[in-house]
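Let us work through a fold step by step, from the overall chain to individual residues.

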Amino acid sequence: MIGVPPHLYARRSDIDRLAALIMQLPQEARVELQLLDGSVLRGTVSMQPSMQVFRHADGTSGSNAGVRLDDRLHPEQAHYLWIDRIASVTRLGRA
């Protein structure tokens, strides 16, 4: 991921939610991601995300994590997203 995520989290409940999502996104997992905006992505997790601490220009700091998902139908296309955009993760079977 490049840059700073638009949303940073410092409350324990938010950090716990992000950590739970990270645990559902191990490297090479085939998943379907339901995003908060209602869209769906399907693909393979390139590398398990890890929580990072970021600082906005105004000095506020907090955590988030990014994930790269290689598209299931078009593996040459990668989706990069912040995990706070994910509503749910469903593991998919093998190809």
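**Reading the sheet and its contacts**

Q: Which residue of β6 does V67 stand opposite?

A: V67 stands opposite L81 in β6. The model is a predicted one.

Q: How many helices and strands does the chain have, and in what pattern do they follow one another along the sequence?

A: The chain has 1 helix and 7 strands. Read along the sequence, the pattern is α-β-β-β-β-β-β-β. The radius of gyration is 13 Å, close to the 12 Å that the globule rule gives for 95 residues, so the chain is as compact as a globular protein of that length. The C-alpha trace spans about 45 × 25 × 25 Å along its principal axes.

Q: What holds the strands of a sheet together, and in what order do the strands stand here?

A: Strands of a sheet pair through backbone hydrogen bonds, and the pairing may be parallel or antiparallel. In this model 5 strands form an open sheet in the order β6-β5-β2-β1-β7, with antiparallel pairing. The edges are taken by β6 (78–82) and β7 (86–91); each has a single partner strand, so one side of each is left without a neighbour in the sheet. On average, neighbouring strands of this sheet are turned by 40° against each other, direction ignored.

Q: How many bridges join β1 to β2, and how many join β2 to β5?

A: Strand β1 (residues 30–35) pairs with strand β2 (residues 40–45) over 5 bridges, in the antiparallel sense. Within this pairing L33 stands opposite L41 of β2. The hairpin of β1 and β2 has 4 residues between the strands, and G38 there takes a positive phi near 95°. The pairing of β2 with β5 is also antiparallel, over 3 bridges, and here V45 stands opposite L69 in β5.

Q: How does one read an aromatic pair, and how many does the count give here?

A: One looks at the distance between ring centres and the angle between ring planes; planes over 60 degrees apart count as edge-to-face. The count comes to 1 aromatic pair. The ring centres of F54 and W82 are 5.6 Å apart and the planes stand at 85°, so the pair is edge-to-face. F54 lies in strand β3 (residues 52–55) and W82 in strand β6, so the pair ties together parts that are 28 residues apart in sequence.

Q: Is F54 buried or exposed, and is W82 buried or exposed?

A: Buried means under 20% relative accessible area. F54 is buried at 12%, and W82 counts as buried at 10%. Over the chain, buried residues make up 35% of the 95 residues.

Q: Where is D70 found, and which residues does D70 touch beyond its sequence neighbours?

A: D70 is found in strand β5 and is buried, with a relative accessible area of 18%. Leaving aside residues up to four places away in sequence, D70 touches R42, G43, T44, S46, P75, Q77 and A78.

Methods. Residues are numbered from 1 along each chain as its sequence is written. This is a predicted model: local features need pLDDT of at least 70, side-chain atom pairs count only at pLDDT 80 or more; totals for chains, interfaces and linings use all residues. Side-chain values use heavy atoms; hydrogens and water are left out. Two strands pair if DSSP finds at least two bridges between them. Helices (H or I, at least four residues) and strands (E, at least two) are DSSP runs, numbered from the N terminus. Axes are lines fitted to C-alpha atoms, for helices over the stretch in contact, and angles run from 0 to 180 degrees between N-to-C directions. Rings of Phe, Tyr and Trp (its six-membered ring) pair if their centres lie within 6.5 Å; planes under 30 degrees apart count as stacked, over 60 as edge-to-face and the rest as tilted. Buried means under 20% relative accessible area, exposed over 50%, partly exposed in between (1.4 Å probe, protein chains only). The radius of gyration is taken over C-alpha atoms; the globule rule is 2.2 Å times the number of residues to the power 0.38. Contact means heavy atoms within 4.5 Å.
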